[in-house]
Amino acid sequence: MSTTATLNTAATAPRRMTAPAFRARKRAEPLVMLTAYTARMAELLDPHCDALLVGDSLAQTIYGLPSTVPVTLDMMIAHGAAVVRESRQALVVVDMPFGSYEESPEQAFRSAARVMKETGAGAIKLEGGQAMAPAIAYLAARGIPVMAHIGLTPQAVNILGGYGARGRGEAEYARIAADAAAVADAGAFSVVIEGVVEPLAQAITQTIACPTIGIGASAQCDGQVLVVDDMLGMFERTARFVKRYDNLAERIQTAARGYADEVRARRFPEAQHLYGQT
Ligand code: KIV
């Protein structure tokens, strides 16, 4: 009798999107990405997305921090692993937090290798243009797919002085265009362009070989990303570029109010919520 069990999962399990397959979608169907930070949300978003971004925006959405600067590698790894566990088909991209990669390509590799090993993610994302090109080339040459992030780069808030749109002046327009070319030439498989004027996003999208993913950068990009809490309406104040597809904050408050009223009036729990005696 054979003792070898054969697991035939290939027929049922959908194949997960890879970084090369994501890259190959340039100029094809628009790419869909949303942020996800937790297991259940990853499970719900996964069937609808080409990629799930475990963004360091979890600073604000999960932890109530004032910016992404305090986020640590351990935080990103814990949330990245949860998102990988409960997703099946989307490419999971994990943000490298501030301070974990900027010092040198070697530091970037050490941090990114931890992310890949400890989360099972398919790629990492890091912020920065020309200055990060050597690190991107170093990672790509050593088996780590990199999504770059240019334009408005929230980790640089203390240098930028805020979260306003970028690329309005001639010099900044030219610098961001050069950033895009540098990260694409260095081997990024995709580039997030955040908070830039539409002509710049369009020019970059037409010029570089890998797909651009816009957030506040117009529909001219090869795909779009939004912070999931923003598009679900969890926050009263959001950036101009956010479209709310629901108003979860209001619906959560209504549900919580209903529960509180029923508890206080002893209308909950009811008979169907009780354990009977056997
Ligand atoms: O951290 C994040 O959510 C991001 C997106 C805004 C692109 O980087």
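For the residue classes used here, Ala, Val, Leu, Ile, Met, Phe, Trp, Tyr, Cys and Pro count as nonpolar, Asp, Glu, Lys and Arg as charged, and the others, Gly among them, as polar. By that scheme, the lining of the largest pocket holds 16 nonpolar, 11 polar and nine charged residues. Please keep in mind that this is a predicted model.

**The ligand and its shell**

- Around the ligand you will find Thr35, Leu53, Gly55, Asp56, Ser57, Asp95, Lys125, His149, Glu194, Ile215, Val225 and Val227.
- Ser57 places a polar side-chain atom 2.5 Å from an oxygen atom of the ligand.
- For Lys125, the distance between an N or O atom of the side chain and an oxygen atom of the ligand is 2.8 Å.
- Asp95 also takes part, with a polar side-chain atom 3.1 Å from an oxygen atom of the ligand.
- On its own the ligand has 260 Å² of accessible area, and the protein covers 96% of that.

**The largest pocket**

- Helix H3 (58-61) and the strands E4 (123-127), E6 (190-194) and E8 (223-226) each give two or more residues to the lining.

**Backbone features to check**

- As background, most residues other than glycine have a negative phi, and most peptide bonds are trans.
- Ser218 is not a glycine, yet its phi is positive, at about 85 degrees.
- You can find Ser218 in the loop between strand E7 (212-215) and E8.
- Arg266 is another residue other than glycine with a positive phi, in this case near 55 degrees.
- Arg266 sits in the segment after H11.
- Between Phe268 and Pro269 the peptide bond is cis, with omega near 0 degrees.
- Pro269, too, is found in the segment after helix H11 (248-264).

How values were computed:
Residues numbered from 1 in each chain as written. Predicted model: local features only at pLDDT ≥ 70, side-chain atom pairs only at ≥ 80, totals over all residues. Heavy atoms only, no water. Near = heavy atom within 4 Å. Polar contact = N/O pair within 3.5 Å; in protein donor to acceptor, adjacent residues only side chain to side chain. Areas by Shrake-Rupley, 256 points an atom, 1.4 Å probe, with all protein chains shown as cover. Helix = DSSP H or I, 4+ residues; strand = E, 2+ residues; numbered from the N terminus.
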